[in-house]
Amino acid sequence: MAITRIGNPAIANIREPNFRNIIINGDMSIAQRATSVTGVGDGDSGYHTVDRFKFVESGSPSTVFTQSQSTDVPTGQGFAKSLKMDVTTADASLGADDAIYVNTSVEGQNLQYIKKGTSSAESLTLSFWVKSNITGTYIFEIIDRDNDRAISKSYTISSANTWEKKTITYPGDTTGALDNDNARSFELIYWLGAGANFSSGTLQTSWGSRTTANDAVGQVNIGDNTSNEWYVTGVQLEAGEVASDFEFLPVDVNLNRCLRYYETMVTGTTQSLGQALYYNSTTIYYSHKYRITKRAVPTLDQVTSNDNYQFFRNNGADAFDGFDSLSNRTTTIFFELNVSANISGTAGQAGFLRANNSACFIAFDAEL
Amino acid sequence: MIDTIEKTYDMIDNTFCGYRVTYQNSNKQKLVPLDEANTDYQAIKEWAAIDGNNITDNGA
């Protein structure tokens with residue numbers, strides 16, 4: 001959809017289109033997994049704190065970060081949280097195949113309206129607030145994973161330790177239609193460090209087939225000193241050539257959008273999981289309906305340890321360490337789970353499940 | 001880092017329905033469904049394609 005800003009003062013209060021921000025959780029306000037994780041480095045690609053924003057490394061960089069949801073935000077802009085990458089172990093000399101970045105990914109079915117791969121392809125405008133003690137050139141790249149095409153543009157942090165708003169417009173791409181499905185079509189990348197394999201070419205500032213050497217040419221290595229840190233918030237990508245004000249969503253709406261990709265169910269002790277029953281004398285059967293339909297059939301993430309959970313039934317309780325398997329009826333709406341280790345009971349007895357250990361953790365992961 | 005991957009079976013009809021993934025030096029586990037759109041399922045396929053990596057099958 002084409003987005004046109006209305007300049008007539010008489011109708012100046014008309015709002016911008018709702019849900020114009022392609023980025024989910026761009027204000028970094030939702031962090032279901034944790035608010036701070038230390039030791040994020042080689043081998044730790046994944047989602048650690050803020051929902052929908054993933055730490056990615058490749059190669060074998062020695063750089064280690066603490067990633068956190070920070071309350072350091074630009075003054076007077078309405079933001080309460082930011083994503084912070086704080087270097088705790090430095091690597092001043094990245095190997096050629098080393099790459100460090102933060103990304104967020106977008107389903108193809110949420111991008112059809114930008115008409116990529118047609119003569120009517122929409123331009124995209126990115127806006128965000130960023131702060132670092134390291135001034136210089138940084139790269140934001142858009143990769144079309146359906147067609148292996150990419151475009152990279154640079155932004156400059158001009159003043160150390162100062163929140164700056166950046167706006168970048170990317171032209172529409174008339175080549176390579178995006179798949180209309182639930183898979184990743186766009187990968188949006190904040191580069192933080194790039195070895196020669198990703199930076200030895202010429203920055204690809206127009207859409208074209210991806211050449212990795214052109215991904216992040218000129219990118220500073222944020223990880224070259226343990227005093228370095230990088231913050232970002234207010235990330236918005238929208239159709240058109242104008243950056244509108246950041247689209248703040250009610251917390252319930254923002255959380256629900258995140259829940260499509262990840263849902264934390266249990267974190268800690270004494271939490272109720274719901275009702276279950278003995279299917280037979282050695283199997284507890286449990287069905288959980290997610291709060292929001294998932295993007296794909298999710299993985300169950302769990303922490304297992306001795307007697308993590310209790311099944312209360314018939315005036316008693318059975319303890320078990322964790323769930324043993326899912327069922328073949330697990331879908332994007334329901335998760336069916338079985339417990340069979342170290343329990344025994346009477347078929348047909350119903351009861352309820354409760355977390356019994358501060359280490360208990362269950363989440364459903366359907367991330368891109 | 002992945003330690004083991006084991007096939008899991010439905011408790012009722014004994015059909016193959018997923019994987020249990022364990023990690024080195026960790027008590028974290030994943031129960032992964034057979035869904036091509038699930039990124040953990042995709043990662044298991046990549047892991048299994050590497051020489052020396054084997055998925056355990058203890059049957060139903």
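The model is predicted, with local features needing pLDDT of at least 70 and side-chain atom pairs counting only at pLDDT 80 or more, while totals for chains, interfaces and linings use all residues. Residues are numbered from 1 along each chain as written, chains are lettered from A, and side-chain values use heavy atoms, without hydrogens and water.

User: How far apart do the C-alpha centres of domain 1 and domain 2 of chain A lie?

Analyst: Domain 1 of chain A covers 12-249 and domain 2 covers 262-365, with bounds from an automatic or database domain assignment. The distance between their C-alpha centres is 36 Å.

User: What area is buried between domain 1 and domain 2 of chain A?

Analyst: In contact terms (heavy atoms within 4.5 Å), 5 residues of domain 1 of chain A meet 6 residues of domain 2. Buried area is the accessible area (1.4 Å probe) that two parts lose on being put together, summed over both. Carbon and sulfur atoms give 39% of the area buried between the two domains, which is about 520 Å².

User: Which residues in domain 1 of chain A lose the most area to domain 2 of chain A?

Analyst: Three residues together account for 85% of what the domain 1 side buries. They are A:Gln32, A:Arg33 and A:Asn182.

User: How many salt bridges are counted between domain 1 and domain 2 of chain A?

Analyst: A salt bridge is a side-chain nitrogen of Lys or Arg within 4 Å of a carboxyl oxygen of Asp or Glu. Over all chains the count comes to 21. Between domain 1 and domain 2 of chain A, the count is 0.

User: Which residue forms a salt bridge with A:Arg149?

Analyst: The closest N and O atoms of this pair are 2.9 Å apart. A:Arg149 lies in strand β8 and its partner in the loop between β9 and β10, so the pair ties together parts 24 residues apart in sequence; strands are DSSP runs (E, at least two residues), numbered from the N terminus. The partner is A:Asp173.

User: Is A:Glu263 buried or exposed?

Analyst: Buried means under 20% relative accessible area, exposed over 50%, and partly exposed in between (1.4 Å probe, protein chains only). A:Glu263 forms a salt bridge with A:Arg291, at 3.8 Å between the closest N and O atoms, and A:Arg291 is partly exposed at 47%. A:Glu263 also meets A:Lys294 in a salt bridge of 2.6 Å. With a relative accessible area of 2%, A:Glu263 is buried.

Conventions
Helix = DSSP H or I, 4+ residues; strand = E, 2+ residues; numbered from the N terminus.
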